[in-house]
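Keep the sequence and the model open side by side.

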Amino acid sequence: MPYKAISDIGEFGLIDRLSKLVEPTLAEAPSLLKGIGDDCAVYRISEHTLQVATTDLLAEQVHFDLLTTPLRHLGSKCISVNVSDICAMNALPSFALISLAVPPSFSVAMIEELYRGMSHAASEYGLAIAGGDTSSSRSGLVITVSMTGETTDECITMRKGAKPGDLICVTGTLGGAAAGLKVLMREKNIMLDHLANNEPYSKSLMADLQEYSIAIQHQLLPAARPDIVRFLHASAITPTAMIDLSDGISSDLRHLCISSDTGAVIFENKIPVNPQAREIADELQEDVITWSLAGGEDYELLFTLPKEQRETVERHKDISIIGEITDKKSGILLTDIYGMTINLGDLAGFDHFRK
């Protein structure tokens, strides 16, 4: 068998291959309505109730850097990113299981601080932390969170289901997490340069990070959107398709369109760019629209609705209509502020394995 590196096929190519290998096992669970390929698996637990389940792994030096990430913030974030997956199914969270692989050099106080963040976030979202597992690690801290939630047949929303003519909606603002990461990496590199040159490093050399606090909070303490799920339920609105923005619109909209067998067009002037991200992009002479489309880690919700529901969603101050679903042959496009059309496929979002 010829050697093929995972980097040659990327994260999603790997997932596709693994999905085919496990597909025969699905027959063993007839109540499983959805397996691999969405934000959560979906399982029927009663006549009227569906359970959704997700799992997420955060590895040191891949997903986080302890030089820039307080442990309490990290604990909160690992809960939020899983709640975001639950919300993407138009569901609300129930409980979580947490597994840790911890370097022996870590102190008890460090792990307690991590769990304080988890516990606080769980309380904010109304979910229980019900157990887990621990192990030692020789290669940094690794955190795995598995989480369940519940919804109904009437409310369940998957990535498939969008239809040409549907509105494309997004919650919150975008680009803040990418901007916060840029600032944190800049300050880390300044510190490391001083240490490498045996130069003293003090906080007086660091930029006043308070002025970047909103963007840094978006990176270190992202908030999932169960409030939007509750709004949709209260408004008797069920999106035709939905996904959370973990990798960026350029990737996540593509996943939604592939699942729905459609195309899409979004408009640059409709994208809700985080105001502080715009300021930081100007300071660093980078493109804030690229951050908003491909920066990832915003953990907002991207969903589609029939046009008849425009008036209802427009009344919500934190939902923006940014485009429209089209037929598949039209592709997945961005219309910029000059009226030029750009193929969003040319703007890659985050992929763990791509070179």
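This is a predicted model: local features need pLDDT of at least 70, side-chain atom pairs count only at pLDDT 80 or more; totals for chains, interfaces and linings use all residues.

Residues are numbered from 1 along each chain as its sequence is written, and side-chain values use heavy atoms, with hydrogens and water left out.

Six strands form it, in the order 1-2-3-6-4-5, with mixed pairing. Strands (E, at least two residues) and helices (H or I, at least four residues) are DSSP runs, numbered from the N terminus. Two strands count as paired if DSSP finds at least two bridges between them. Strand 1 (32–34) and strand 5 (128–136) stand at the edges; each has a single partner strand, so one side of each is left without a neighbour in the sheet. On average, neighbouring strands of this sheet are turned by 20° against each other, direction ignored.

Now cross the sheet strand by strand. Strand 1 pairs with strand 2 (residues 41–44) in the antiparallel sense, over two bridges. Here Leu32 stands opposite Tyr43 of strand 2. Further along, strand 3 (residues 50–59) pairs with strand 6 in the antiparallel sense, over ten bridges. Ala53 has Thr148 of strand 6 as its bridge partner. Strand 6 also runs antiparallel to strand 4, and nine bridges join the two. Thr148 turns up again here: Phe95 stands opposite this residue of strand 6. Ile98 has Val145 in strand 6 as its bridge partner. Which sense does the pairing of strand 4 and strand 5 take? That pairing is parallel, over eight bridges. Ser99 stands opposite Asp133 in strand 5.

A helix covers part of this sheet. Helix 3 (residues 108–125) lies across strand 4 (92–102), strand 5 and strand 6 (142–151). Helix 3 runs at about 170° to strand 4. Axes here are lines fitted to C-alpha atoms, for helices over the stretch in contact, and angles run from 0 to 180 degrees between N-to-C directions.

Next, look at the buried residues. A nonpolar core is a set of buried Ala, Val, Leu, Ile, Met, Phe, Trp, Tyr and Cys residues joined through side-chain atoms within 4.5 Å. Buried means under 20% relative accessible area, exposed over 50%, and partly exposed in between (1.4 Å probe, protein chains only). Which members of the largest nonpolar core touch the most other members? Of its 51 residues, they are Ile79 and Ile143. Helix 2 (residues 71–87) gives the most to this core, with eight residues. Apart from this core lies another, of 36 residues, among them Ala179, Ile243, Ala264 and Ile280. Back at Ile143, the residues in contact (heavy atoms within 4.5 Å) include Leu57, Leu74, Cys78, Ile98, Leu100, Leu114 and Met118, not counting residues up to four places away in sequence.

Move on to strand 10 (residues 301–305). Five of its five residues are buried. Leu301, Phe303 and Leu305 point one way, while Leu302 and Thr304 point the other way. Strand 7 (residues 167–171) runs antiparallel to strand 10, joined by four bridges. Val170 stands opposite Leu302 there. Strand 8 (residues 241–244) is also antiparallel to strand 10, again with four bridges. In this pairing, Ala241 stands opposite Thr304.

Finish with helix packing. Two packed helices are described by the angle between their axes and the distance between the axes. Helix 4 (residues 176–196) and helix 8 (residues 275–284) pack at about 45°, with axes 9 Å apart. That makes helix 4 oblique to helix 8. By the cut-offs, angles under 35 degrees are roughly parallel, over 145 roughly antiparallel, 65 to 115 roughly perpendicular, and the rest oblique. The contact includes Ala179 and Val183 of helix 4 and Ile280 and Leu284 of helix 8. Helix 4 also meets helix 5 (residues 213–220), where the axes come within 7 Å and cross at roughly 105°. That makes helix 4 roughly perpendicular to helix 5. Among the residues that meet are Gly176, Gly180 and Leu184 in helix 4 and Ile216, His218 and Leu220 in helix 5.
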